[in-house]
Amino acid sequence: MDGLHDAATDLVVEALRTAHVPVFRMDTAQFPREVELRGHHNGPGAWSGTLATAHRSVELADIRAVYWNRPNQVTFPDLSASDAHWARGAARIGFGGILTGLAAGWPRWMNHPSHAAAAEFKPEQLRTASNAGLDTPRTLITNCPDAVTKFAKDIQSPIITKPMGIPYIAHESIGVETMYTRVVDLNDLNGIETTAHLFQEWIEGIFEIRLFSIGGTCHSVRIDAHSEAASLDWRTDYDALSYSAVETPQEISQAVTTYMEAMRLTYAAFDFIVRPDGRWTFLEANPSGQWAWLNDQCALADAIANTLKGWCTS
């Protein structure tokens, strides 16, 4: 279940078709206009029934694995605001309840929506990563400017800030602003009291790693930044990046496995920064992290498809 124009899902679907695995593809936003649901419950056991589009249908009982990748929200453009609010609630509980209760169950989701939602909380990511044995940066989350000043003084290091939620904001006056990692100016802390903000020690790194944990296996890509902007946040300047597949150190792989089990995930994209002494420092783990642009480095679509195929045939 995904956005129907998602490049990553296109690659997975193609790999599954090449492996002769039947695929039913839909986006939750297609419900109810383009997706029909018929769900029946007649006593103990899973729900039965069908999901159908204009082109294909699938029996709920036949679904063996689910790839859940950034599906869009259900919308009701033809209804009034109050009616749409009511209809969304009914769709979330009825349509969403059928989907999340499929017999595929854990661990045959990549990822189950409830597990992915819980794993998005950055405070829990840092706690779980540290408990798993990963090196983590010293971090402060606060809405108090004085706490930021004290934090910087206590750790004796420059500090950075980065968004904890959606990385962009739509301003009424200037339009959409994308928020990237930036160095904190301790002389300009206005607005911190508005909401919770995350601050971390600045870590000197020689390169970064995007690690993909897929079905229990780690796939690591080294990211080298060749501009000042990309060195601070590589998402700001993709043209200044170079990539190369690297081996994952055993201790990192073991810690990632522990993290994934604790979070009940089967897929996540981890970001690490590698210090001059070779230490991998955990930054975050996105349960829905993008990977398509790095597919050529590690054959990630094949890894995802092979995992899903294995679930279907086991």
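# Reading loops, sheets and a cavity

Student: Where is the place of arginine 264?

Tutor: Arginine 264 sits in the loop between α7 (250-263) and β15 (267-274). Those labels are DSSP runs numbered from the N terminus: helices are H or I with at least four residues, strands are E with at least two. By the way, this is a predicted model, where local features need pLDDT of at least 70, side-chain atom pairs count only at pLDDT 80 or more, and totals for chains, interfaces and linings use all residues. Residues are numbered from 1 along each chain as its sequence is written, and side-chain values use heavy atoms, with hydrogens and water left out.

Student: What is phi of arginine 264 near?

Tutor: Near 60°, a positive value in a residue other than glycine. Arginine 264 is partly exposed at 40% relative accessible area (buried is under 20%, exposed over 50%, partly exposed in between, with a 1.4 Å probe and protein chains only). Arginine 70 also has a positive phi, near 50°. You'll find arginine 70 in the loop between β4 (66-67) and α2 (81-100), and with 37% relative accessibility it counts as partly exposed.

Student: Which residues does a cis peptide bond join, with omega about -15°?

Tutor: Methionine 110 and asparagine 111. Asparagine 111 belongs to the loop between β5 (109-110) and α3 (113-118). Another cis bond runs from phenylalanine 31 to proline 32, with omega near 5°. Proline 32 is in the loop between α1 (7-18) and β1 (36-40).

Student: How do I read a sheet? What order do the four strands of the open sheet have?

Tutor: Strands pair through backbone hydrogen bonds, either parallel or antiparallel. Here the order is β6-β11-β7-β10, with antiparallel pairing (two strands pair if DSSP finds at least two bridges between them). At the edges are β6 (139-142) and β10 (182-183), each pairing on one side only. Look at β7 (residues 159-162): two bridges link it to β10 in the antiparallel sense. Isoleucine 160 has valine 183, in β10, as its bridge partner.

Student: And empty space? What volume does the largest cavity have?

Tutor: Rolling a probe the size of a water molecule over the atoms shows where empty space is left. The largest cavity has a volume of about 50 Å³ (a cavity is a set of points, on a 1 Å grid over the protein atoms alone, where a 1.4 Å probe fits but cannot get out; lining residues have an atom within 4 Å of a point). Its lining includes Tyr67, Met110, Asn111 and Tyr267.

Notes. 1 Å grid on protein atoms, 1.4 Å probe; cavity = no way out; pocket = protein on both sides within 12 Å on 5 of 7 lines; lining within 4 Å. Points joined across faces, edges and corners; volume = space filled by probe spheres on them.
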